[in-house]
Amino acid sequence: MKKFLCGILTAVTCLMLVACTPSSVEKAEEKMEEAGYTVVAYNKDDAEGLQGGIIATSGLIGGKTMTALYFESSDAAKDYYESLGEDTKAVKDGKWVYWGDEAAIKAFKK
(Lines give C-alpha, C1' and ligand atoms only; values in the text may rest on other atoms or scores of the structure.)
Protein backbone atom coordinates (compact mmCIF):
# COMPACT_ATOMS: atom_id res chain seq x y z
CA MET A 1 0.00 0.00 0.00
CA LYS A 2 2.85 2.40 0.78
CA LYS A 3 4.41 1.76 -2.62
CA PHE A 4 1.07 2.48 -4.29
CA LEU A 5 0.63 5.79 -2.44
CA CYS A 6 4.25 6.74 -3.13
CA GLY A 7 3.71 6.01 -6.82
CA ILE A 8 0.60 8.19 -6.93
CA LEU A 9 2.38 11.06 -5.17
CA THR A 10 5.29 10.77 -7.58
CA ALA A 11 2.94 10.81 -10.58
CA VAL A 12 1.11 13.89 -9.31
CA THR A 13 4.40 15.68 -8.64
CA CYS A 14 5.63 14.89 -12.16
CA LEU A 15 2.40 16.20 -13.68
CA MET A 16 2.81 19.44 -11.77
CA LEU A 17 6.33 19.88 -13.13
CA VAL A 18 5.39 19.20 -16.75
CA ALA A 19 5.06 22.23 -19.00
CA CYS A 20 1.55 23.63 -19.03
CA THR A 21 -0.41 26.58 -20.30
CA PRO A 22 -1.45 29.37 -17.91
CA SER A 23 -4.77 29.16 -16.09
CA SER A 24 -5.93 32.72 -16.84
CA VAL A 25 -5.31 35.68 -19.11
CA GLU A 26 -3.55 37.52 -16.28
CA LYS A 27 -1.18 34.62 -15.63
CA ALA A 28 -0.46 34.33 -19.36
CA GLU A 29 0.35 38.04 -19.53
CA GLU A 30 2.67 37.75 -16.52
CA LYS A 31 4.38 34.64 -17.86
CA MET A 32 5.11 36.14 -21.27
CA GLU A 33 6.33 39.45 -19.79
CA GLU A 34 8.75 37.48 -17.59
CA ALA A 35 9.98 35.73 -20.75
CA GLY A 36 10.83 39.15 -22.26
CA TYR A 37 7.80 39.71 -24.48
CA THR A 38 5.73 42.86 -24.85
CA VAL A 39 2.17 41.80 -24.11
CA VAL A 40 -1.22 43.29 -24.85
CA ALA A 41 -3.92 41.50 -22.86
CA TYR A 42 -7.66 41.93 -23.07
CA ASN A 43 -10.72 40.55 -21.32
CA LYS A 44 -13.95 40.09 -23.18
CA ASP A 45 -16.49 38.69 -20.73
CA ASP A 46 -19.47 39.57 -22.91
CA ALA A 47 -18.29 37.49 -25.88
CA GLU A 48 -19.89 34.08 -26.21
CA GLY A 49 -17.42 31.66 -24.66
CA LEU A 50 -14.37 33.93 -25.04
CA GLN A 51 -12.92 35.22 -21.77
CA GLY A 52 -10.01 37.16 -23.25
CA GLY A 53 -6.58 36.73 -24.75
CA ILE A 54 -3.09 38.03 -25.28
CA ILE A 55 -0.88 39.14 -28.12
CA ALA A 56 2.81 38.77 -27.26
CA THR A 57 5.68 40.16 -29.34
CA SER A 58 9.43 40.26 -29.08
CA GLY A 59 11.41 42.42 -31.49
CA LEU A 60 10.07 44.87 -34.02
CA ILE A 61 10.93 43.50 -37.45
CA GLY A 62 11.00 39.76 -37.90
CA GLY A 63 10.40 39.25 -34.18
CA LYS A 64 8.59 36.48 -32.40
CA THR A 65 4.83 36.89 -32.08
CA MET A 66 1.95 34.80 -30.82
CA THR A 67 -1.76 35.20 -30.19
CA ALA A 68 -3.61 33.20 -27.52
CA LEU A 69 -7.35 33.19 -26.82
CA TYR A 70 -8.76 31.96 -23.50
CA PHE A 71 -12.27 30.48 -23.39
CA GLU A 72 -14.63 29.79 -20.50
CA SER A 73 -14.56 26.06 -21.20
CA SER A 74 -12.62 23.54 -23.24
CA ASP A 75 -15.81 22.88 -25.24
CA ALA A 76 -16.01 26.57 -26.23
CA ALA A 77 -12.32 26.44 -27.22
CA LYS A 78 -12.96 23.29 -29.23
CA ASP A 79 -15.90 24.91 -31.05
CA TYR A 80 -13.77 27.93 -31.96
CA TYR A 81 -10.82 25.76 -33.01
CA GLU A 82 -13.04 23.64 -35.25
CA SER A 83 -14.50 26.80 -36.84
CA LEU A 84 -11.00 27.75 -38.03
CA GLY A 85 -10.91 24.90 -40.53
CA GLU A 86 -8.35 22.24 -41.41
CA ASP A 87 -5.71 24.62 -42.77
CA THR A 88 -5.20 26.40 -39.46
CA LYS A 89 -1.85 26.40 -37.71
CA ALA A 90 -3.54 27.08 -34.38
CA VAL A 91 -3.28 24.71 -31.43
CA LYS A 92 -6.10 23.90 -29.01
CA ASP A 93 -4.81 23.18 -25.50
CA GLY A 94 -7.46 22.96 -22.78
CA LYS A 95 -9.28 26.29 -22.66
CA TRP A 96 -6.65 27.98 -24.88
CA VAL A 97 -6.41 28.31 -28.66
CA TYR A 98 -3.10 29.83 -29.76
CA TRP A 99 -0.87 30.29 -32.79
CA GLY A 100 2.32 32.04 -33.76
CA ASP A 101 6.10 31.72 -33.64
CA GLU A 102 7.45 28.44 -32.21
CA ALA A 103 9.76 30.21 -29.74
CA ALA A 104 6.87 32.31 -28.40
CA ILE A 105 4.66 29.24 -28.08
CA LYS A 106 7.44 27.42 -26.24
CA ALA A 107 7.70 30.32 -23.76
CA PHE A 108 3.91 30.30 -23.37
CA LYS A 109 3.80 26.58 -22.57
CA LYS A 110 6.90 26.64 -20.34
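**The nonpolar core and the helices that line it**

The largest nonpolar core of this chain comprises 16 residues, and those with the most contacts inside it are Met32, Ile54, Met66, Trp96 and Phe108. Two or more residues are given to this core by each of the elements H2, S2, S3, S5 and H4. Helix H4 supplies the largest share, four residues. A separate core lies apart from this one; it has seven residues, including Leu50, Leu69, Ala90 and Val97. The model is a predicted one.

The overall arrangement gives these elements their context. The chain contains four helices and five strands, which follow one another along the sequence in the pattern α-α-β-β-β-α-β-β-α. Of its 110 residues, 27% count as buried. Among contacts between residues at least 6 apart in sequence, 41% join residues at least 24 apart. The chain exposes about 7,600 Å², of which carbon and sulfur atoms supply 56%.

Helix H4, spanning residues 102-109, may be considered next. Its buried residues are Ala104, Ile105, Ala107 and Phe108. Viewed down the helix axis, the buried residues of H4 fall within an arc of 160°, and they therefore line one face of the helix. Glu102 and Lys106, on the other side of H4, are exposed. The partners against which the buried residues of H4 pack are helix H2 (25-34) and the strands S2 (50-58), S3 (64-71) and S5 (96-100). At the start of H4, a side-chain oxygen of aspartate 101 comes to within 3.0 Å of the backbone nitrogen of alanine 103.

Helix H2 can be read in the same manner. Val25, Ala28 and Met32 are buried in H2. These residues cover an arc of only 60° around the axis, so they sit on the same side of H2. The face turned away from that buried side carries Lys27 and Glu34, both exposed. Packing against the buried residues of H2 are strand S1 (38-43), together with S2, S3, S5 and H4. Just after H2, glycine 36 adopts a positive phi of about 95°.

Which residues does methionine 32 contact, leaving aside its neighbours within four places in sequence? Methionine 32 is in contact with Tyr37, Val39, Ile54, Ala56, Met66, Ala104, Ala107 and Phe108.

Notes: Residues numbered from 1 in each chain as written. Predicted model: local features only at pLDDT ≥ 70, side-chain atom pairs only at ≥ 80, totals over all residues. Heavy atoms only, no water. Buried < 20%, exposed > 50% of the residue type's maximum accessible area, 1.4 Å probe, protein only. Arc of directions from axis to C-beta. Contact = heavy atoms within 4.5 Å. Polar contact = N/O pair within 3.5 Å; in protein donor to acceptor, adjacent residues only side chain to side chain. Areas by Shrake-Rupley, 256 points an atom, 1.4 Å probe, with all protein chains shown as cover. Core = buried A, V, L, I, M, F, W, Y, C linked by side-chain atoms within 4.5 Å.
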